[in-house]
Amino acid sequence: MHKIAILEGLLFVMGDEGLSFEQIGDILNIPINEVKTLVTELKKTYDGDDRGLTVNFLGNALKLTTKEEHQAYYQKLIEVDENNLSQAALETLAIIAYNEPVVRTQIDEIRGVNSSQMVRKLVAKGLIKEIGRSDLPGRPIIYRTTNDFLDYFGIASKDELPPLKELTAKEKDDVDLYNSVYREE
Amino acid sequence: MDYKVTINKFEGPLDLLLHLIKQSEIDIYDISIEKITKQYLDYIRAMEELNLSIASEYLVMAAELIEMKSRLLLPPVQEDTDDNYEEDPREGLIKKLLAYKQYKEITTQFKELEEKRKQIYTKAPLNLKPDDYQSESVNLSILLDAFDKFLVRKQLDQPLSTKITKIGLTVNERINKIREILIKQKQVKFNDLFDIINKEYIIVTFLAILEMAKNQELIIKQTNNFDNIILSIKGSEINA
């Protein structure tokens, strides 16, 4: 039996939930290395212009998806699809992603505004989730981003997050204003 | 200076400050608290004039800016401690602004990623489990029975129809009636006046009796506790 065919079927069945390399290995009873070879092979067969699907690694799982270049055709099936995240939502998500696990007050502190409603919205959208409670006073809920968050931005794993621009040495120096002369008039 | 105020344009006081700093081309590391405070307050005032409700966070920041400004106006304490350390009040604010700016700026990249991801589609997983509802015990007649029961329940759900009748009896009418009775019968038992059990009738009758008593028309007698109360009309007793 062609394992590559089974793999294709598995990915079709799982849809946007996808499968991890480990899961595929368990199901097919083969080592991870072999899984990786299989996936590469499958991906290659999809590379051709005459194929409509491809294999993507999104949110820590392998998923069967359509191809970017055909998007315009799928678009014709939808009426309107302008449901992008708001600036506030993006900010909040970014703060969580680069600082997780976080409690809400940390987010509030950075944004300078109360974020409780936004956090609730993001939980409802499944982009972040509660993972427990902190030992801080009031035992606040701890949040982190989900695999759906990664998938939403087309990212395979957290390592692929765009690097946050670190404050440069110069900037850090400049923040040290201990000895600087006040220029207030 | 002209301020164009747009509703909800800013995500918070830090965002507004960053905007003002950028607009007036100030170096973020060397912000003039005096200038920025003025601009910030002007903006807040403009918002107020437009009757926009200002989120409390903006006011907190305004207060902090004013405090910072006043601290900077005080002459630096010349105590000259060993390490010559004096904290610049701006430092905390600058740190906050820089931290916020980092995240605000990276959202551009997230937006691009979001757009790119929207170019491809996938699908929901198939349901591989046999349908829970499909079992031998379910057939069409059971479904029909259930639907019948539902229809009956629906019927019972209807609001009960009831009639509301209004007697429209006024206290004056009742007074006249009682007076008539009293003139005819000389006296009457209190209970006998409540000959119709109807809330309105009872209330109107009671009010009528009170009204007549108030007008000194009635003599009300009760020999012992819980005996019948006997009503008679004043004039009639004198006549009697």
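Two strands pair if DSSP finds at least two bridges between them. Helices (H or I, at least four residues) and strands (E, at least two) are themselves DSSP runs, numbered from the N terminus.

## Basis of the report

This is a predicted model, in which local features need pLDDT of at least 70, side-chain atom pairs count only at pLDDT 80 or more, and totals for chains, interfaces and linings use all residues. Residues are numbered from 1 along each chain as its sequence is written, chains are lettered from A and ligands numbered from 1 in the order in which they are written, and side-chain values use heavy atoms, with hydrogens and water left out.

## The sheet of chain B

In chain B, three strands in the order E1-E3-E2 form an open sheet with antiparallel pairing. Strand E1 (187–189) and strand E2 (218–221) are at the edges with a single partner strand each, so one side of each has no neighbour in the sheet. On average, neighbouring strands here are turned by 25° against each other, direction ignored; axes are lines fitted to C-alpha atoms, for helices over the stretch in contact, and angles run from 0 to 180 degrees between N-to-C directions.

E1(B) and strand E3 (residues 230–233) of chain B run antiparallel and are joined by 3 bridges. Val188(B) has Leu231(B) in E3(B) as its bridge partner.

## Helix H2 of chain A

Helix H2 (residues 21–28) of chain A has Phe21(A), Ile24(A), Gly25(A) and Leu28(A) as its buried residues. Buried means under 20% relative accessible area, exposed over 50%, and partly exposed in between (1.4 Å probe, protein chains only). Viewed down the axis of H2(A), the buried residues fall within an arc of 100°, so they line one face of the helix; the arc is that of the directions from the helix axis to the C-beta atoms.

These buried residues of H2(A) pack against helix H1 (3–14), helix H3 (32–47), strand E1 (53–58) and strand E2 (61–66) of chain A, where contact means heavy atoms within 4.5 Å.

## A helix crossing between the chains

The axes of H5(A) and helix H4 (residues 90–117) of chain B come within 8 Å and cross at roughly 110°. H5(A) is thus roughly perpendicular to H4(B) (angles under 35 degrees count as roughly parallel, over 145 as roughly antiparallel, 65 to 115 as roughly perpendicular and the rest as oblique). Residues making the contact include Leu90(A), Glu91(A) and Tyr98(A) of H5(A), and Tyr103(B), Ile106(B) and Phe110(B) of H4(B).

## Salt bridges

A salt bridge is a side-chain nitrogen of Lys or Arg within 4 Å of a carboxyl oxygen of Asp or Glu. By this rule there are 19 salt bridges over all chains. One of them joins Glu91(A) to Arg111(A), at 3.4 Å from N to O. Glu91(A) belongs to helix H5 (residues 87–99) of chain A and Arg111(A) to helix H6 (residues 104–111) of chain A, so the pair ties together parts that are 20 residues apart in sequence. Both Glu91(A) and Arg111(A) are buried.

Glu100(A) and Arg144(A) also form a salt bridge, with their closest N and O atoms 3.2 Å apart. Glu100(A) lies in the loop between H5 and strand E3 (102–103) of chain A, and Arg144(A) in strand E5 (residues 141–145) of chain A, so this pair links parts 44 residues apart in sequence. Glu100(A) is buried at 13% relative accessibility, whereas Arg144(A) is partly exposed at 29%.
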